[in-house]
Amino acid sequence: MIAAMDTSFEPSSLLPAVAHGDMAAFEQLYDRHSPTLYALLLRILSNADDAQEVLQETFVKAWTNAKMFDAVRGSDVAWLISIARSRGIDRLRSRKIRGDREDEAGRELSGSFGFIDKRTGADDAIQSEERNAVRSALAELPEAQRVALALAYFEGLSQSEIAERLGEPLGTIKTRMQLGMKKLRERLKAFR
Amino acid sequence: MMDHAQFDSIAALDAIGAATADESNALAAHLPSCPDCRRARDEYGEATLMLARDLDPVMPPPRVRDRIFAAIDGGEPANVIDARDRFNSSRWWMAAAVVFLALWGWRELSVRVTREKINTVEAEVRRLAGQNQLLATRNEKLSAEMASLASRDTRTIALTGQQVSPSASAKVFLEPRQRRAVVFFYNLPANAADKSYQLWILRGDQPKPQSAGVFDVTKSGAASISIENLPLATEIKGLAVTLEPKGGVEQPTNTNFFVAGNT
């Protein structure tokens, strides 16, 4: 089934219609992608109120900036994920500055990137199949590479911060992340 | 000067937001002139999507949807095209439109020419900024290396050539307090394009060697590498270099040490 996977994960792009003020397209965009973005923001922020606020900011930005979307560079969901992650990490950093976030060390770093095991109505068969393919690709990465990538992606840590957190030399972390990303890219090519 | 393999590695880190500011700037300066690296950057960007897609979707509460639609109610995207304004049956309006289009065409042409000139100048500025950044980075690296070499606490360790490369050697300047080191290699054979040398730390407290970074050697046989965030000096048992696939590996794939030595 992996061979048939569409790496864009998108039946069609809705953002060009949204850029022309098509409210129905915007509603479809929200219904299609909000569960993915909300799960991502919960993973980054570990707080439902913050995740909901950032989700709202993400979709309002998508509405006002839809004309900036470039379909050549990627899919709707790629664009939305990039906005949501960037805003989520900004929120996380501002919370860290405020000192609200005290229990960093308690975050889950092991095996799976996801920690929310909560199925919803949006979790249809197609999405499950895509996710299984993604999961098998990630499962092929060594644990140490997965952890380093997760710290960068979900917590927005720099190479030095990751090296510090894991107590490893910076060169080790850099190599580990580069190898992990290269493997993910290769897997992505194999899907095509 | 960085090569494609180095930019590819930076693109991998940049996609996941882990590249340093210097690395990101160097990559940004290089991308306008390199379609291969642009493609690599986009592919790594897609690859990071997999991390988000691994999560099980969670339906947000309905109130979030309500808040979003209330927030955008009445507002329109900046480039909304109003179909009502597109056509007008008036002949006068049609004539005005023809004149307008002719003028617009002229203006568009000159704007395009100007924009191309601006793009060229901007690309040159980005290239120079990237070079400037690279020089600043190199200067910073050299200063750190000088500090390592000049510190009173710095220890010197000699690594000797092994069976595969008996004439090779290396000198390690280890600054234990800052937990950093600079290693200079001599007489190593040049590595093939698909290979990299990798320096390993052999630790007393861990069974497996730990990567301290990768480097390339040209015909001159000389190279150097800086290591930051080293383990405590008491935990380092020795250092060794192997030849590995390009970009390095998690664990050595062979025991053909080119240089090695105990601390």
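**Figure 1. Pro245(B) lies in strand S7 of chain B, which covers residues 236-245.** This is a predicted model, and the panels that follow all come from it. Leaving aside residues up to four places away in sequence, Pro245(B) touches Asp194(B) and Lys195(B).

**Figure 2. Strand S1 of chain B pairs with strands S2 and S8 of chain B.** Start with S1(B), residues 155-161, and S2(B), residues 169-175, which are antiparallel and share six bridges. Here you can find Thr160(B) opposite Ser169(B) of S2(B). S1(B) is also joined to S8(B), residues 259-262, this time through two bridges, and this pair runs antiparallel. To locate that pairing, find Gly161(B), which stands opposite Val259(B) in S8(B).

**Figure 3. Helices H1 and H2 of chain B cross at roughly 120°.** H1(B) spans residues 4-15 and H2(B) spans residues 21-30, and their axes come within 10 Å. The crossing of H1(B) past H2(B) is left-handed. On the H1(B) side, the residues that meet H2(B) are Phe7(B), Ile10(B), Ala11(B), Leu13(B) and Asp14(B). Their partners in H2(B) are Glu23(B), Ser24(B), Ala26(B), Leu27(B) and His30(B). Sorted by class, this contact has six nonpolar, two polar and two charged residues.

**Figure 4. Chain B has five helices and eight strands.** If you trace chain B along its sequence, the pattern reads α-α-α-α-α-β-β-β-β-β-β-β-β. Of its 263 residues, 30% count as buried. Among contacts in chain B between residues at least 6 apart in sequence, 59% join residues at least 24 apart.

**Figure 5. Chain A meets chain B through 68 residues, which contact 52 residues of chain B.** Several helices of chain A each supply at least two residues to the side that touches chain B, among them H2 (23-45), H4 (76-98) and H8 (170-191). H8(A) gives the largest share of that side, with 13 residues. By class, the side of chain A that touches chain B has 35 nonpolar, 20 polar and 13 charged residues.

**Figure 6. The largest nonpolar core has 75 residues.** The residues with the most contacts inside this core are Val18(A), Leu40(A), Leu41(A), Ile81(A), Ala152(A), Met177(A) and Ile16(B). H2(A) provides the largest share of the core, eleven residues. Ile81(A) is a handy landmark: not counting residues up to four places away in sequence, Ile81(A) touches Leu37(A) and Leu40(A), as well as Leu49(B) and Ala52(B). A second, separate core holds 30 residues, including Val172(B), Leu188(B), Val217(B) and Ala223(B). As background for this view, nonpolar side chains tend to be buried together in soluble globular proteins.

How values were computed: Residues are numbered from 1 along each chain as its sequence is written. Chains are lettered from A and ligands numbered from 1 in the order in which they are written. This is a predicted model: local features need pLDDT of at least 70, side-chain atom pairs count only at pLDDT 80 or more; totals for chains, interfaces and linings use all residues. Helices (H or I, at least four residues) and strands (E, at least two) are DSSP runs, numbered from the N terminus. Two residues are in contact if their C-beta atoms, placed from the backbone, lie within 7 Å. Axes are lines fitted to C-alpha atoms, for helices over the stretch in contact, and angles run from 0 to 180 degrees between N-to-C directions. A crossing is left-handed if the near helix is turned anticlockwise from the far one by less than a right angle, and right-handed if clockwise. Ala, Val, Leu, Ile, Met, Phe, Trp, Tyr, Cys and Pro count as nonpolar, Asp, Glu, Lys and Arg as charged, and the others, Gly among them, as polar. A residue is buried if 20 or more other C-beta atoms lie within 10 Å of its own, exposed if 12 or fewer, and partly exposed in between; C-beta atoms are placed from the backbone. A nonpolar core is a set of buried Ala, Val, Leu, Ile, Met, Phe, Trp, Tyr and Cys residues joined through C-beta atoms within 7 Å. Two strands pair if DSSP finds at least two bridges between them.
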